[in-house]
Amino acid sequence: MEKTELIQKAKLAEQAERYDDMATCMKAVTEQGAELSNEERNLLSVAYKNVVGGRRSAWRVISSIEQKTDTSDKKLQLIKDYREKVESELRSICTTVLAFDEAIAELDTLNEDSYKDSTLIMQLLRDNLTLWTSDSAGEECDAAEGAEN
């Protein structure tokens, strides 16, 4: 698919709030290798922010339900499995987006505007990942403390 078609499809997906589709289109745009315009970078950022944000929200809800569920309840394993599924999706998305070593090596080759935009996007992605992993670590500590009691 041509770049202009992918961008139009990404915009349509954004309007329909289908951020997974939007992210897929924008990923395809980036894989074509051409430098992204400001609008294209914004589309990429919006897509991944919403893809990750929706799953982080789901993860928080599921984790909260898991904490409130009696450990003897048969549903606990179902809840835990579902939380792990969402965590796996988050890891996969973050791995797709975060190629920090490669991206940092490329930063020096960018013009000033692209450099600023790229570093901002990378900081937002890193912050999301940091928040998610700190939430996950907190959950593991809470679970360990609950097991000891």
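Author: A helix here is a DSSP run, H or I, of at least four residues, and a strand is a run, E, of at least two, both numbered from the N terminus. In this predicted model, the chain contains six helices and zero strands, and its pattern along the sequence reads α-α-α-α-α-α.

The pair to examine is helix 2, residues 19-31, and helix 3, residues 38-68. Their axes come within 8 Å of each other and cross at roughly 140°. Helix 2 is therefore oblique to helix 3; the label antiparallel would require an angle over 145 degrees. The crossing of helix 2 and helix 3 is left-handed.

Next come the residues that meet. Helix 2 contributes Tyr19, Asp20, Met22, Ala23, Met26, Lys27 and Thr30. From helix 3, the partners are Glu40, Leu43, Leu44, Val46, Ala47, Tyr48, Asn50, Val51 and Arg55. Sorted by class, this contact between helix 2 and helix 3 comprises ten nonpolar, two polar and four charged residues.

The setting of this pair is the chain as a whole. Of its 149 residues, 30% are buried. The chain exposes about 9,800 Å², and carbon and sulfur atoms supply 50% of that area. Finally, among the contacts between residues at least 6 apart in sequence, 65% join residues at least 24 apart.

Definitions and conventions:
Residues numbered from 1 in each chain as written. Predicted model: local features only at pLDDT ≥ 70, side-chain atom pairs only at ≥ 80, totals over all residues. Heavy atoms only, no water. Axes fitted to C-alpha atoms, helices over the stretch in contact; angles between N-to-C directions. Parallel < 35°, antiparallel > 145°, perpendicular 65-115°, else oblique. Left-handed = near helix turned anticlockwise from the far one by under 90°. Contact = heavy atoms within 4.5 Å. Nonpolar A, V, L, I, M, F, W, Y, C, P; charged D, E, K, R; others polar. Buried < 20%, exposed > 50% of the residue type's maximum accessible area, 1.4 Å probe, protein only. Areas by Shrake-Rupley, 256 points an atom, 1.4 Å probe, with all protein chains shown as cover.
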